[in-house]
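Welcome! Have a look at the sequence and structure first, then read on.

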Amino acid sequence: MQITLSSPLDMHLHLRDGDMLRLTAPLSADFAGAVIMPNLVPPVSTPEMMQAYAERIESAMGGADFTRYMTLFFTPLSEAQLDAAAAAPGFFGFKLYPAGITTNSEGGLRDFADAEPTLRAMEERGIPLLVHGESHGFVMDREAEFLATYRALATRFPKLKLCMEHITTAAAVQLLDEFPNICATVTLQHLLITLNDVAGGALKPHLFCKPIAKRPEDKEALLSAALGGHPRLFFGSDSAPHPQHKKECCGCAAGVFTAPVALPALAQLFAEHGALDKLQGFVSGNACRHYGLAPVEKIVTLRDTPMQVPAAYRSFGQTVVPMFAGEELGWSVAH
Ligand code: DOR
Ligand code: ZN
């Protein structure tokens, strides 16, 4: 069996900077492009920082054709600042983090009331708002508690292009059905694992991420929306590399590194469920239609020939452990 995908996109990707960027960027090169997250230290918060980061990504990609959809770290901005951002080459939208909710988000938003004028101006300009939707409550309930905020935003700003990033719950899928002006991304790991896989036996630090994986019924709801070809649900890996020593330690960093295994694992998952015909939409078509994107043309063939996943990826003095490290996947990219 095989499938040929046209211009697959990763709608939520962390590439980091420096040596880690040089290691990770080429591992996303089977994708035609990605939405690049801005949570560097310091966050990518001005058009100048964004353009400089886009150039560092391009050079780390080593000549691969790859469309960088750049995001800026959301802070309340004036209309003139929004116009400057929107005019910057490669700009895609803003990523909003509640303050302190995850890796490098200390400078995030503390009070949504402060954001209202900016959101109104974004709505008028058609600038997407991508949101890390978690409250500071009990870890299993953080996304569910945040849904009221999504609901309020979608109601107050009906034309705002609002995206719930990395959804993990059946309740978020329901909200997606309820509000045609909301879209969402979902990761590979949240289609495959539950909290049991992370912490049900010996702790698996490489599967620990924010939002944390949830219950079996949540995973099933996400899976059925993805396999059913939900038109406003897009693949966003949230591939979030951390050095091995920051994962295998006391105080494990949140993030699952899936970039190098994402396409084969998705093909395997969709094939196992007899839904390969829905994969093109999930990894590209739905997002292109929703946002009006035209990434570089890239044809990627996936086959049901095994891929041996390395125990770790090492270069430039960095070591990162991917999801499925040391395991064999049933599918691979035909290079
Ligand atoms: O697990 C996560 N890792 N969740 C996020 O929201 C951020 C990401 C990271 O940057 O490491
Ligand atoms: Zn992320």
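The largest nonpolar core in this predicted model has 99 residues, and those with the most contacts inside it are Phe94, Leu129, Met164, Phe270, Leu279 and Phe282. A nonpolar core here is a set of buried Ala, Val, Leu, Ile, Met, Phe, Trp, Tyr and Cys residues joined through side-chain atoms within 4.5 Å. Buried means under 20% relative accessible area, exposed over 50%, and partly exposed in between (1.4 Å probe, protein chains only).

**The cores**
- Helix 11 (residues 262–272) gives the most to this core, with 8 residues; helices (H or I, at least four residues) and strands (E, at least two) are DSSP runs, numbered from the N terminus.
- A second, separate core has 18 residues, including Ala32, Tyr97, Ile101 and Tyr291.
- Leaving aside residues up to four places away in sequence, Phe94 touches Leu72, Phe73, Phe74, Leu77, Leu82, Ala85, Met122, Ile127, Pro128, Leu129 and Leu130, where contact means heavy atoms within 4.5 Å.

**Aromatic pairs**
- The whole structure holds 12 aromatic pairs; rings of Phe, Tyr and Trp (its six-membered ring) pair if their centres lie within 6.5 Å, with planes under 30 degrees apart counted as stacked, over 60 as edge-to-face and the rest as tilted.
- Tyr69 and Phe92 form an edge-to-face pair, 5.8 Å centre to centre with 65 degrees between the planes.
- Because Tyr69 lies in strand 4 (residues 67–73) and Phe92 in strand 5 (residues 91–96), this pair ties together parts that are 23 residues apart in sequence.
- Tyr69 and Phe92 are both buried.
- Phe74 and Phe94 also pair edge-to-face, at 6.1 Å centre to centre and 85 degrees between the planes.
- Phe74 sits in the loop between strand 4 and helix 3 (79–87) and Phe94 in strand 5, so their pair links parts 20 residues apart in sequence.
- Phe74 and Phe94 are both buried.
- Phe31, Phe235, Phe270 and Phe282 make up one aromatic cluster.

**Around ligand 1**
- Ligand 1 is surrounded by 13 residues, the closest being Arg16, Asn39, Lys210, His242 and Ala254; a residue counts if one of its heavy atoms lies within 4 Å.
- A backbone N or O atom of Lys210 is 2.8 Å from a nitrogen atom of ligand 1.
- A polar side-chain atom of Thr102 lies 3.2 Å from an oxygen atom of ligand 1.
- Taken alone, ligand 1 exposes 290 Å², and the protein buries 100% of that; areas come from the Shrake-Rupley method with a 1.4 Å probe.

**Reading the model**
- Residues are numbered from 1 along each chain as its sequence is written, while chains are lettered from A and ligands numbered from 1 in the order in which they are written.
- In this predicted model, local features need pLDDT of at least 70 and side-chain atom pairs count only at pLDDT 80 or more, while totals for chains, interfaces and linings use all residues; side-chain values use heavy atoms, leaving out hydrogens and water.

Terms used: Polar contact = N/O pair within 3.5 Å; in protein donor to acceptor, adjacent residues only side chain to side chain.
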